[in-house]
Amino acid sequence: MDNFHELLLNRRSIRKYTDEKVDPEDVKLILEAALTAPSSKSGRSWQFVVVEDSEMLDHLSRCKPNYATSIAKAPLAVVVTADITKSEAWIEDASVAAAFMQLQAADLGLGSCWVEVRDRYGEDGEPAEDYVRQALGIPDEFGVLCIITIGHKDEQRRPIDPAKLQWEKVHIGKWRNEQ
Ligand SMILES: Cc1cc2nc3c(=O)[nH]c(=O)nc-3n(C[C@H](O)[C@H](O)[C@H](O)COP(=O)(O)O)c2cc1C
């Protein structure tokens, strides 16, 4: 997309994907976007696990009971982790990288969705982070923030309507309580 603002308005969470694989060149660009992300003290505390195996995607989709099914429907997921011993800002580092990947995916015309893992739990109370760490052999010192699902869109979502943006949440000069 030529216009960055248009890209922002058109990016919506996509949870249904066609069976088409994501082109390896596009996968590379998406990971490159993550690796360009700014990080606290330039610590780059993040590491990423790229998953394309459908059995593993299905397994990961069971990390929590709700809002994770898009993982099983996606041809590609990137598990976003960061070393909690390296940066007290690991959540922020990982969040920025995840958002960059979503924007790069949108620019490539692909759909994506953020599936939260941190502080989420399975039906049996197991932390979703432990479930994902165990499934993929991720070391204990790595927090698992989220899984970004990516693929060719199999659903249409309306772009964000700029007229509906919540400008009342923006305070100019100082905080104002009036709505
Ligand atoms: C921190 C965060 C956690 C999210 N967790 C989930 C999730 O677990 N499952 C899911 O399907 N979507 C999840 N989403 C996507 C949101 O539901 C989505 O961004 C929101 O509904 C706004 O819709 P939009 O992205 O289409 O504008 C998450 C998004 C963020 C930023």
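This is a predicted model: local features need pLDDT of at least 70, side-chain atom pairs count only at pLDDT 80 or more; totals for chains, interfaces and linings use all residues.

Trainee: In what order do the four strands of the open sheet lie?

Mentor: The order is β1-β2-β4-β3, and the strands pair in an antiparallel manner.

Trainee: Which strands stand at the edges?

Mentor: Those are β1 (46-51) and β3 (111-116). Each has a single partner strand, so one side of each is left without a neighbour in the sheet. On average, neighbouring strands of this sheet are turned by 25 degrees against each other, direction ignored.

Trainee: How many bridges join β1 to β2?

Mentor: Six bridges link β1 to β2 (residues 76-83), and the two run antiparallel. As for V49, its bridge partner in β2 is V79.

Trainee: Now the helices. Which strands does α2 lie across?

Mentor: Helix α2 (residues 24-35) lies across β1, β2 and β4 (142-151), and runs at about 165 degrees to β1. Helix α6 (residues 128-136) also packs on the sheet, where it touches β1, β2 and β4. The direction of α6 makes about 75 degrees with that of β4.

Trainee: And at what angle do α2 and α5 pack?

Mentor: The angle between α2 and α5 (residues 90-107) is about 145 degrees, and their axes are 8 Å apart. The crossing is right-handed.

Trainee: Which residues meet there, α2 with α5?

Mentor: From α2 come L29, I30, A33 and A34; from α5 come A97, F100, M101, Q104 and A105. Of the residues in this contact, eight are nonpolar, one is polar and none is charged.

Terms used. Residues are numbered from 1 along each chain as its sequence is written. Side-chain values use heavy atoms; hydrogens and water are left out. Two strands pair if DSSP finds at least two bridges between them. Axes are lines fitted to C-alpha atoms, for helices over the stretch in contact, and angles run from 0 to 180 degrees between N-to-C directions. Contact means heavy atoms within 4.5 Å. A crossing is left-handed if the near helix is turned anticlockwise from the far one by less than a right angle, and right-handed if clockwise. Ala, Val, Leu, Ile, Met, Phe, Trp, Tyr, Cys and Pro count as nonpolar, Asp, Glu, Lys and Arg as charged, and the others, Gly among them, as polar.
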